[in-house]
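Please consult the sequence and the model as you read.

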Amino acid sequence: MKLRSGLWRLAVALPLLTVPLWAHHSFGAEYDANKPLTLTGVITKVEWTNPHSYFYMDVKDDKGNVANWKFEGYPPSVLVRTGWKKDVTMKPGDAVKVFGWQARDGTNWAHSREVTFADGKKLFFGPPSGTGDGGNTPAVEVK
Amino acid sequence: MRGVATAAILAIVGLSGSMSAQTSPPTRAKTSGKSAVPRTREGKPDLTGVWQGGTTIRGSWEEANTGTGVGGTGKDASAPVVLSSNDRPAGREGAPYQPWAARKVLESYNKRGIDDPAALCLPLGLPRLPMLGLFPQQIVQTPTQIVILYEYMSVFRVIPFRTTHPDDLLPSYMGNSVAHWEGDTLVVDVTGFNDKTWLSGTGTFHSDSLHIVERYTRVDKDQINYDVTMEDPKVLTKPWIIHSNLMLREGTHLQEYVCPENNLDPGYYEKLLKEGVNFTRP
């Protein structure tokens, strides 16, 4: 009985120890979780490269001024595993909406999370904010 | 029924070595016995396969990564929460660093891991790499050696079945590994590390005296229990024990990952630090 109880306790606690590791760098070192943004525009270039892929998008403001934004995301192997197809899913000329977080230096550079396509389909181009930067609790006790 | 009981016993036997030294109970699912552990001609568990680290979810890569977490597709928002990289899981004790070393770990945390060796495209080291969830790893087992291929950073380990390490070890990122069986648990002894990697979590540095013992216990067809003991008398006060898992991902193939291809981080970090960036947490 004691054994059964122990196994039950282990099974309940199990999800708490799932620790997939984000790589290749910390979100918080480069991007600001306090600067979420949603931008709509037209894709100008898509780069499937390691350690991160990028896409560039022309964004027009209320006055008609166009700024080119750069968005970072998963490397190619992860993009494929999350449902992307190179040169098919997103191409220059496509109109999309992007949700992400701006770079700490305040330039037109952002970490991309969710891309919404013209037909309403959504895919993640990058991981959630805060990944890989230590979370809310350091590995050691704070004294 | 017999299969269930046998599998449960194997799981407990596999854990017993590490349970005695830890301060919190390991978190392990009851072994289901859904499917038998594949075995070699010699009768040992066969660990061959493509695996995903740091997870307990069964199924193919696509099936197991439907949540909104790191590397997930977001198709199932109710899927189990996936913690990120260097986050400390709820319930895990603080790493047993000596006071001076703990302060150094905290410095990295307060800088949000801007000094992460991974940002330089360096190998992650142990046990960080096997616990990586975003990229798969492939184990190839033969009667004389085990080879582990990691997609992330294209790193490999060739692990012979022997009990002693070579005398002329060059310090390395992944160390020198030798393996033997203890019952149905594969025990891998690793030494010969350099001091350029992190163990598990932001800033968790170590010295070149690091000694790691990994225990791989395949408790059923889908799951390997991965138990790690880290010893480093130069920076730790006692052995640091971590329990994690590898889950079988049938149908997944390792792909190329050439990190230095377009690594913009070092230059960007230099710019941020020069400008005095504020890393304060919300």
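The model is predicted: local features require pLDDT of at least 70, side-chain atom pairs count only at pLDDT 80 or more, and totals for chains, interfaces and linings use all residues. Residues are numbered from 1 along each chain as its sequence is written, while chains are lettered from A and ligands numbered from 1 in the order in which they are written.

Chain A contains three helices and six strands, where helices (H or I, at least four residues) and strands (E, at least two) are DSSP runs numbered from the N terminus. Their order along the sequence is α-α-β-β-β-α-β-β-β. Chain A has 143 residues, of which 43% are buried; a buried residue has 20 or more other C-beta atoms within 10 Å of its own, with C-beta atoms placed from the backbone. Among contacts in chain A with a separation of 6 or more, 56% link residues 24 or more positions apart, a contact being two C-beta atoms, placed from the backbone, within 7 Å.

Strands pair if DSSP finds at least two bridges between them. Two such pairings are listed below.

| Strand pair | Sense | Bridges |
|---|---|---|
| β1(A) (residues 31–47) and β2(A) (residues 53–60) | antiparallel | five bridges |
| β2(A) and β3(A) (residues 66–73) | antiparallel | eight bridges |

β1(A) and β2(A) are joined by a hairpin through five residues, and E47(A) lies opposite Y54(A) of β2(A). A hairpin with five residues between the strands is also formed by β2(A) and β3(A), and G64(A) in its turn has a positive phi of about 90°. In this second pairing, V59(A) stands opposite A67(A) in β3(A).

Notes:
Buried ≥ 20, exposed ≤ 12 C-beta atoms within 10 Å, placed from the backbone.
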